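The questions below concern a predicted model.

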Amino acid sequence: MTTIAPTGVQHAIAAGGFEAVVTEVGAGLRSLTHEGRPLVVGYPEDSGPVGSAGLPLLPWPNRIKDGRYVFDGEERQLALTEPKTGNAAHGFTRTLPWRVLSADESSVRLGLRLFPQMGYPHILDFTVSYALGAAGLEVEVTAENAGGTDAPYGYGAHPYLTLGGPLEEAVLELPASRWLEVDDRKIPTGRREVEGTEYDFRGPRAIGGTSLDTAFTGLTRDGDGLVRVRLTGADDGRGVELWAGVGIEWLQLFTGDTLAGPYRRRGLAVEPMTCPPNAFQTGEDVIRLAPGERATHRWGIAPL
């Protein structure tokens with residue numbers, strides 16, 4: 001009898017000492033290594049992604065308070081997929097099967113047509129491509145409005161960076177000048193400056209006991225237009241970097257304190273996002289996709 005993995009078909013790719021596995025269900029990044037060293041927190045083939053590890057978050061990232069929002073004067077109610085907080089979280093596509101559009105030894109491109117859902121009466125075509133090269137992993141995500149009406153849209157991803165050891169000993173560099181304060185339901189209540197707070201990682205420093213489930217913005221980019229978040233060892237400087245391209249103006253960092261067992265504080269989720277939490281309700285940085293219009297975003301992971 002053939003055993004079917006909870007995340008469906010596993011797509012293995014490799015190049016330049018890098019190896020990765022991408023899943024059929026959710027189009028998620030299940031593992032990524034460089035010369036045998038893990039760069040992200042993975043999970044076994046016979047289980048599902050813990051804490052949404054490695055998944056694209058579409059057509060919105062993070063949370064929407066009460067699952068309610070108004071678009072073009074129409075009140076909408078999404079399914080409350082985070083019952084403990086009474087919020088709608090992380091979109092619709094995490095549990096859906098994606099089809100292969102193209103693949104070779106070093107890359108795979110997956111596609112999904114999202115049909116109207118409760119509270120989201122739109123049709124979107126998504127593609128997610130994972131490509132390995134000499135510099136590491138590059139991810140490109142595109143959304144196209146295949147329906148007949150304008151659609152609100154946001155994108156996020158949920159990789160957990162790891163050094164393979166305790167998170168407390170890791171050094172974090174995060175070029176962000178502002179963070180969002182939230183209530184007990186993880187809904188933003190205000191924007192704050194990182195200056196003088198425990199959330200200031202603009203200069204590299206140890207994470208220690210800091211607990212994060214926090215959205216950051218005010219991002220500083222390099223000359224190439226990329227924002228770079230680095231996680232390194234305190235002694236040897238070896239580590240891992242996540243970079244994000246134009247259009248990604250938010251980063252959610254999560255130290256995994258609420259995850260179960262061996263996954264608790266095993267890695268640092270660095271989530272590139274195009275909009276903040278509760279964006280469908282506030283309208284902040286929501287992308288309005290007209291029929292036939294596309295939005296494309298890029299990010300990647302590299303060893304240090």
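Q: Is Asn 278 buried, partly exposed or exposed?
A: Asn 278 is found in the loop between strand E25 (268–273) and helix H1 (279–282). Its relative accessible area is 6%. Buried means under 20%, so Asn 278 counts as buried.

Q: What is phi of Asn 278?
A: Asn 278 is a residue other than glycine, yet its phi is positive. The value in this predicted model is near 65 degrees.

Q: Is Asp 66 buried, partly exposed or exposed?
A: Asp 66 sits in the loop between E6 and strand E7 (68–71), and its phi is also a positive one, near 60 degrees, in a residue other than glycine. Its relative accessibility is 25%. Buried residues are under 20% and exposed ones over 50%, so Asp 66 is partly exposed.

Q: What distance separates the C-alpha atoms of Thr 149 and Asp 66?
A: Thr 149 lies in the loop between strand E13 (136–145) and strand E14 (151–153). Along the chain, Thr 149 and Asp 66 are 83 residues apart. Their C-alpha atoms are separated by 24 Å.

Q: With which residues is Thr 149 in contact, leaving aside its neighbours within four places in sequence?
A: Thr 149 is partly exposed, with a relative accessible area of 44%. Once neighbours within four places in sequence are left aside, its contacts are Pro 121, His 122, Leu 289 and Pro 291.

Q: Is Thr 93 buried or exposed?
A: Thr 93 is placed in the loop between strand E9 (87–89) and strand E10 (99–104). Leaving aside neighbours within four places in sequence, Thr 93 touches Gly 26, Pro 56, Leu 58, Trp 98, Leu 112 and Phe 126. Its relative accessible area is 0%, so Thr 93 is buried.

Q: Is the peptide bond from Leu 58 to Pro 59 cis or trans?
A: Leu 58 is one of the contacts of Thr 93. Omega of the bond from Leu 58 to Pro 59 is near 0 degrees, and the bond is cis.

Q: Which residue in E3 stands opposite Val 21?
A: Strand E2 (residues 18–23) and strand E3 (residues 29–34) run antiparallel and are joined by 5 bridges. Opposite Val 21 in this pairing stands Ser 31.

Q: How many of the 7 residues of strand E22 are buried?
A: Strand E22 (residues 227–233) is joined to strand E17 (residues 170–173) by 4 bridges, and Ala 170 stands opposite Gly 233. E22 is also joined to strand E23 (residues 239–244) by 6 bridges, with Leu 231 opposite Val 240. Both pairings are antiparallel. E22 is mostly covered, and its count of buried residues is 6.

Q: Which residue in the hairpin of E22 and E23 takes a positive phi near 75 degrees?
A: The hairpin has 5 residues between the strands. The residue with this positive phi is Gly 237.

Q: What is the radius of gyration of the protein?
A: The protein contains 1 helix and 27 strands. For 304 residues the globule rule gives 19 Å, and the value for this protein is close to that, so it is as compact as a globular protein of that length. The radius of gyration is 18 Å.

Q: What share of the 304 residues is buried?
A: The C-alpha atoms fill a box of roughly 55 × 55 × 40 Å along the principal axes. The accessible surface comes to about 12,700 Å², of which 50% belongs to carbon and sulfur atoms. Buried residues make up 54%.

Q: How far apart are the centres of the positive and negative side chains?
A: The protein has 28 positive and 39 negative side chains. The centres of the two sets are separated by 3 Å.

Key
Residues numbered from 1 in each chain as written. Predicted model: local features only at pLDDT ≥ 70, side-chain atom pairs only at ≥ 80, totals over all residues. Heavy atoms only, no water. Helix = DSSP H or I, 4+ residues; strand = E, 2+ residues; numbered from the N terminus. Buried < 20%, exposed > 50% of the residue type's maximum accessible area, 1.4 Å probe, protein only. Contact = heavy atoms within 4.5 Å. Pairing = 2+ DSSP bridges. Rg over C-alpha atoms; globule rule 2.2 N^0.38 Å. Areas by Shrake-Rupley, 256 points an atom, 1.4 Å probe, with all protein chains shown as cover. Lys, Arg positive; Asp, Glu negative; His and termini not counted. Charge placed at Lys NZ, Arg CZ, Asp CG, Glu CD.
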